[in-house]
Amino acid sequence: MNTSGLRRTGDAEWTIEREGRMRVPGVIYGDETLIREMDEKVREQVSNVACLPGIVKASFAMPDAHWGYGFPIGGVAAFDPEDGGVVSAGGVGFDISCGVRTLNTGIQWGDIQHKASTLADTLFNTVPAGVGRTGAIRLNDSQMDDMLSGGAEWAVEQGYGYPEDLARIECGGRADGAYPGAVSSRAKERQREEMGTLGSGNHYLEIQVVDEVFDEEVAEGFGLRRGECVVSIHCGSRGLGHQIGTDYLKEMLKAAEKYGIPLAERELACAPILSPEGRAYISAMKCGINCALANRQIITSLARNAFLKVLKKGELTLLYDVSHNTCREESHSVDGVERKLFVHRKGATNALGPGHPDVAASLRKFGQPVLIGGTMGTASYILAGTRESLETAFGSSCHGAGRNMSRNQARKQWRGEEVMKELCDYGITVKSRSYRGLAEEAPKAYKDVNRVVESASRAGLSRKVARLLPVLCIKG
Amino acid sequence: MIKARLAELSADIYGGKLELREEREVWSHFEHGADIGIRGEGPSAAEAFAEAAMALTAVVTEPGSVTASNKVQINCSASSMELLLVEWLSALVYEMAVRKMVFGRYEVCLSGLSLSASMWGEALSSGKHQPVVEVKGVTYTALGVGEDDNGIWTAQCVVDV
């Protein structure tokens with residue numbers, strides 16, 4: 001991205017001044033290198049989002065932003081329903097509530113390293129991963145509706161995990177206001193056999209080792225000690241969310257026309273939050289959130305079983321579960337006035353600071369854990385929300401490394417077998433059913449996650465707690 | 001052998017832009033930062049739609065690995081040709097997901113803004129097809145359907161994976 005049209009407004013903050021139909025300015029976070037490496041489309045998409053009705057304060061892009069659909073991936077935008085604010089299916093994305101959860105093991109990697117191969121095989125055989133892989137659960141219509149209303153709470157009731165897990169999941173493991181009637185039968189059909197599955201693409205289950213601690217007190221509070229391993233799971237609402245996205249994108253295109261909302265590109269299709277179409281989408285999207293939370297809860301239970309089988313101990317305690325594709329109703333103070341806003345985060349993580357009432361009580365004094373996924377060959381990070389993050393981008397931070405190379409380019413540049421061997425030479429065991437998939441997900445096809453996290457820290461979006469290195473990756 | 005020669009020819013003519021060229025009907029992939037653009041071309045809109053579907057198959061697996069044995073029928077309609085392309089490909093994504101199938105042959109008939117398609121494929125096998133990635137949804141990004149001055153139709157969009 002050419003920086004000439006941007007005004008540097010902070011150490012790692014760049015502003016796009018209002019022009020044309022923009023109702024608010026645009027703000028992109030990142031150091032100069034990240035900004036220069038960003039696709040020009042990010043600026044265009046940030047500006048387009050700034051034109052939507054009812055947008056408040058600014059249209060934001062996180063340091064890992066890249067070209068998305070309508071909204072940039074890494075985009076954050078809040079809308080006021082009382083000011084004609086809109087909700088956009090594209091602003092949430094097809095993988096509703098895709099997110100990361102991290103589990104503490106309390107086990108030093110050095111103590112179990114000799115069982116890595118067995119653990120990898122067992123996890124690979126236990127957790128369904130990859131295209132077309134189904135889970136052991138088959139939901140009938142009534143069970144489907146219960147799951148869509150109940151989220152992770154439903155999963156725990158079915159015996160997947162423990163009640164104490166729920167406090168460590170955003171919104172207590174269940175999005176209120178989910179109405180299964182707003183979800184099409186096609187969406188439910190797509191989900192029927194997919195509970196407890198990872199999916200494909202950039203989804204994974206990894207064992208990662210705490211490699212460096214940046215904040216001893218918070219890391220201790222989060223149960224993170226150097227050399228210990230954690231389990232991280234990255235996946236979302238599977239076929240259900242994908243179909244909800246497909247269904248409502250179409251509906252919102254009609255709604256935008258009906259309500260006279262001009263769209264710079266079709267993918268920005270949206271409906272007023274208070275319209276029947278907007279309300280229906282929000283109800284369906286909440287079902288998508290619950291589906292994703294139930295899915296990650298079931299996978300957690302499967303991972304615990306695998307640990308138990310191989311290591312004779314499976315007490316994986318949930319550190320936190322965060323979603324990075326959502327739209328949530330939140331209270332925010334804007335220019336000293338408290339307002340109820342609907343905050344879209346498309347490839348962005350909520351990052352609430354110390355003392356925030358929505359952070360699990362046991363972690364509240366440290367701030368919310370912000371889980372940043374890297375690639376199968378590079379670091380992941382645990383960050384914590386900051387007090388000032390609410391004043392910057394509605395309490396949001398980055399979500400991962402973010403791609404800097406298309407899948408096509410990656411496939412042409414690397415062979416999956418070589419990627420796997422190189423990772424193996426680094427000491428990372430990778431299990432996957434597709435070599436081409438590994439080539440497309442090659443670590444070098446992503447931005448430098450260290451730089452992304454550093455920028456998020458410098459911009460005050462979140463602060464660094466610990467760095468994790470992957471040692472075992474079950475690739476979706 | 002023929003396929004290899006056609007690929008060479010395609011590289012000569014299109015500078016490697018096209019991944020496969022078979023007679024007049026072609027499919028290809030184009031760049032998108034995070035995901036994949038799919039493009040079908042042909043002497044008619046219907047054939048371009050069929051080739052776009054083949055390009056979607058190629059996102060998931062090598063089309064040549066698919067035995068076109070079982071037939072599935074799709075009917076859909078929309079208010080414009082571009083939206084019809086999204087409708088058609090979204091229906092294909094749905095059928096692939098719920099039937100756990102991949103398809104290697106498509107025949108598309110268009111009547112105005114209504115589409116009727118037959119597609120042939122088989123049950124997805126991780127061993128045989130080595131599936132790379134599932135398609136989550138069909139987007140409106142880089143969406144286009146049109147005919148050039150030489151009468152060649154193009155149908156394209158980006159799919160989210």
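Guide: Buried area is the accessible area, taken with a 1.4 Å probe, that two parts lose on being put together, summed over both. The model shown here is a predicted one. Between chain B and chain A, the buried area is about 3,600 Å², and carbon and sulfur atoms give 52% of that area.

Visitor: What makes a residue of chain B count as being in contact with chain A, and how many residues of chain B are in contact?

Guide: Contact requires heavy atoms within 4.5 Å. By that rule, 43 residues of chain B are in contact with 42 residues of chain A.

Visitor: Why is the pair A:Arg238 and B:Glu134 called a salt bridge?

Guide: A salt bridge needs a side-chain nitrogen of Lys or Arg within 4 Å of a carboxyl oxygen of Asp or Glu. On the side of chain B that touches chain A, the elements giving two or more residues are β2 (25-31), α2 (45-60), α3 (81-99), β7 (137-138) and β9 (153-160) of chain B. Of these, α3(B) gives the most, with 9 residues. The residues on this side of chain B divide into 23 nonpolar, 10 polar and 10 charged.

Visitor: What makes A:Thr392 buried or exposed?

Guide: The limit for buried is under 20% relative accessible area. A:Thr392 has a relative accessible area of 16%, and so it is buried. This residue is placed in helix α10 (residues 389-393) of chain A. Not counting residues up to four places away in sequence, A:Thr392 touches A:Tyr29, A:Lys57, A:Phe60, A:Ala459, A:Gly460 and A:Leu461.

Visitor: How do you know that A:Ser389 and A:Thr392 are in polar contact?

Guide: The cut-off for a pair of N or O atoms is 3.5 Å. The backbone oxygen of A:Ser389 lies 2.9 Å from a polar atom of the side chain of A:Thr392, so the distance is within the cut-off.

Visitor: Why is helix α2 of chain A called mostly covered?

Guide: In helix α2 (residues 40-49) of chain A, 7 of the 10 residues are buried. They are A:Val42, A:Arg43, A:Gln45, A:Val46, A:Ser47, A:Asn48 and A:Val49. These buried residues pack against β2 (13-16), β3 (26-29), β4 (55-69) and β5 (71-79) of chain A. At the start of the helix, a side-chain oxygen of A:Asp39 reaches to within 2.8 Å of the backbone nitrogen of A:Lys41.

Visitor: How do you know that A:Arg296 and A:Asp321 form a salt bridge, and are the two residues buried or exposed?

Guide: The closest N and O atoms of A:Arg296 and A:Asp321 are 3.0 Å apart, and the limit is 4 Å, so the pair is a salt bridge. The pair links distant parts of the chain, with A:Arg296 in helix α9 and A:Asp321 in strand β11 (residues 317-323) of chain A, 25 residues apart. A:Arg296 has a relative accessible area of 0% and is therefore buried. A:Asp321 is likewise buried, with a relative accessible area of 0%.

Visitor: What makes A:Glu277 count as buried or exposed, and what of A:Lys258?

Guide: These two residues form a salt bridge, the closest N and O atoms of A:Glu277 and A:Lys258 being 2.8 Å apart. A:Glu277 has 18% relative accessibility and so counts as buried, the limit being under 20%. A:Lys258 has a relative accessible area of 56% and is therefore exposed, since exposed means over 50%.

Note on methods. Residues numbered from 1 in each chain as written. Chains lettered and ligands numbered in written order. Predicted model: local features only at pLDDT ≥ 70, side-chain atom pairs only at ≥ 80, totals over all residues. Heavy atoms only, no water. Buried < 20%, exposed > 50% of the residue type's maximum accessible area, 1.4 Å probe, protein only. Helix = DSSP H or I, 4+ residues; strand = E, 2+ residues; numbered from the N terminus. Polar contact = N/O pair within 3.5 Å; in protein donor to acceptor, adjacent residues only side chain to side chain. Nonpolar A, V, L, I, M, F, W, Y, C, P; charged D, E, K, R; others polar.
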